Protein chains: 2
Amino acid sequence: MLNIRPATPADDQALWAMLGPVFHAGDTYAVPTDITRDQALDYWLRGSHTAYVAEEGGQILGTAYLCPNHKGNADHVCNAGFVTSPDARGKGVARALLTHVLAQARAAAYGAMQFNFVVSTNTGAIRLWQRNGFQIIGTLPKAFRHPQAGLVDAHVMYQLL
Amino acid sequence: MLNIRPATPADDQALWAMLGPVFHAGDTYAVPTDITRDQALDYWLRGSHTAYVAEEGGQILGTAYLCPNHKGNADHVCNAGFVTSPDARGKGVARALLTHVLAQARAAAYGAMQFNFVVSTNTGAIRLWQRNGFQIIGTLPKAFRHPQAGLVDAHVMYQLL
């Protein structure tokens with residue numbers, strides 16, 4: 001039974017074990033590929049971010065964050081990020097996290113959710129988001145240096161809530 | 001004769017005199033409308049930003065910054081921001097700053113320039129940027145609470161360099 005709850009400091013090690021390989025692979029997130037544990041946890045958890053973990057039987061299978069995408073008169077649009085454990089692929093963890101974060105965003109009265117930079121090769125995520133109300137509202141040509149595919153496009157995705 | 005040069009700490013007061021009214025008006029930039037002098041100068045000048053000023057006869061008429069738009073494998077796309085003094089409107093200051101920043105970006109080997117959040121009511125700026133190679137690659141519906149116009153769209157604009 002998958003349980004989604006706010007992340008706590010006790011989750012730091014499990015989070016880094018998931019985030020580290022994804023960030024170091026450098027094929028989905030626009031973060032330094034040599035990012036350290038502290039930098040990665042800081043990026044994921046602190047500041048304006050609210051972070052969640054998906055756990056099953058005490059094992060962390062995925063994580064998400066939710067935050068305002070901009071400040072001032074644009075802070076009614078939120079942003080979110082998702083990482084799932086390789087062990088958990090195909091178990092619906094990403095979809096459960098997305099559903100949870102969308103519900104939290106609606107409860108917080110956000111008016112829209114925006115993904116600023118979705119690497120075009122990340123087709124599984126794009127499909128999942130499109131099936132859950134997101135549209136590609138624009139494509140940034142050659143905006144990402146994919147380690148295997150070279151220069152690829154990135155999408156801006158958006159959903160009114 | 002308009003001269004464009006890197007900003008120095010001696011420009012702080014003149015920069016705040018320009019940035020403050022624009023940020024407090026809250027109709028173009030997605031920053032807190034109660035932003036303080038220190039926060040505004042920090043936002044404009046520090047971190048990964050390189051800031052420039054346009055001066056004529058010792059008077060600062062406009063400013064711009066240039067920075068990477070994202071990190072990691074997306075840091076070949078840059079971002080820029082522009083503010084001109086109300087006294088200088090129509091004197092070509094914004095265009096001169098744009099030309100300068102585009103040249104600096106090309107010299108730094110950036111592959112593209114992206115504006116993440118162009119409020120749709122900012123038609124003068126949009127026209128200037130379109131005349132200088134930028135395209136609207138997507139429009140974010142109702143992404144900005146304009147103090148007079150209410151909920152308005154914002155554009156993502158982009159140019160390969």
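In chain A, helix α1(A) meets helix α2(A) through two groups of residues: D12(A), Q13(A), L15(A), W16(A), L19(A) and F23(A) belong to α1(A), while R37(A), A40(A), L41(A), Y43(A), W44(A) and L45(A) belong to α2(A). Sorted by class, this contact of α1(A) with α2(A) holds nine nonpolar, one polar and two charged residues. The structure described here is a predicted model. Chain A has an average pLDDT of 96, and 100% of the residues score at least 70. For the model, the ipTM is 0.94 and the pTM is 0.96.

**The helix pair in each chain**

Helix α1 of chain A spans residues 12–25 and helix α2 of chain A spans residues 37–45; they pack at an angle of about 100°, and their axes lie 10 Å apart. An angle of 65 to 115 degrees counts as roughly perpendicular, and α1(A) and α2(A) are therefore roughly perpendicular to each other.

In chain B, the axes of helix α1 (residues 12–25) and helix α2 (residues 37–45) cross at roughly 100° and come within 10 Å. This makes α1(B) roughly perpendicular to α2(B). From α1(B), the contact involves D12(B), Q13(B), L15(B), W16(B), L19(B) and F23(B); from α2(B), it involves R37(B), A40(B), L41(B), Y43(B), W44(B) and L45(B). The residues in the contact of α1(B) with α2(B) comprise nine nonpolar, one polar and two charged.

**The sheet in each chain**

Chain A contains an open sheet of seven strands in the order β1-β2-β3-β4-β5-β7-β6, with mixed pairing. Its edge strands are β1 (3–6) and β6 (135–146) of chain A, each of which pairs on one side only. On average, neighbouring strands of this sheet are turned by 25° against each other, direction ignored.

The seven strands of the open sheet in chain B follow the order β1-β2-β3-β4-β5-β7-β6, and the pairing is mixed. Here β1 (3–6) and β6 (135–146) of chain B stand at the edges with a single partner strand each, so one side of each has no neighbour in the sheet. Neighbouring strands of this sheet are turned by 25° against each other on average, direction ignored.

Strand β6(B) pairs in the antiparallel sense with strand β7 (residues 150–160) of chain B over eight bridges. Opposite Q135(B) stands Y158(B) in β7(B). Helix α2(B) packs on the sheet and touches β2 (50–56), β3 (59–68) and β4 (77–84) of chain B; the direction of α2(B) makes about 60° with that of β3(B).

| Strand pair | Sense | Bridges | Facing residues |
|---|---|---|---|
| β6(B) and β7(B) | antiparallel | eight | Q135(B) and Y158(B) |

**How the two chains are related**

Two copies of a chain are related by a rotation about an axis and a shift along it. Chain A can be laid on chain B by a turn of 180° and a shift of 0.0 Å along the axis, with an RMSD of 0.0 Å. That is the relation of a two-fold axis. The same surface serves both copies, as 100% of the contact residues of chain A recur in chain B. Among the residues of chain A, G138(A) comes closest to the rotation axis, with its C-alpha at 2.1 Å.

Technical notes. Residues are numbered from 1 along each chain as its sequence is written. Chains are lettered from A and ligands numbered from 1 in the order in which they are written. This is a predicted model: local features need pLDDT of at least 70, side-chain atom pairs count only at pLDDT 80 or more; totals for chains, interfaces and linings use all residues. Side-chain values use heavy atoms; hydrogens and water are left out. Copies are superposed by least squares on the C-alpha atoms of residues with pLDDT of at least 70 in both. Contact means heavy atoms within 4.5 Å. Two strands pair if DSSP finds at least two bridges between them. Helices (H or I, at least four residues) and strands (E, at least two) are DSSP runs, numbered from the N terminus. Axes are lines fitted to C-alpha atoms, for helices over the stretch in contact, and angles run from 0 to 180 degrees between N-to-C directions. Angles under 35 degrees count as roughly parallel, over 145 as roughly antiparallel, 65 to 115 as roughly perpendicular and the rest as oblique. Ala, Val, Leu, Ile, Met, Phe, Trp, Tyr, Cys and Pro count as nonpolar, Asp, Glu, Lys and Arg as charged, and the others, Gly among them, as polar. pLDDT is the predictor's confidence in each residue, from 0 to 100.
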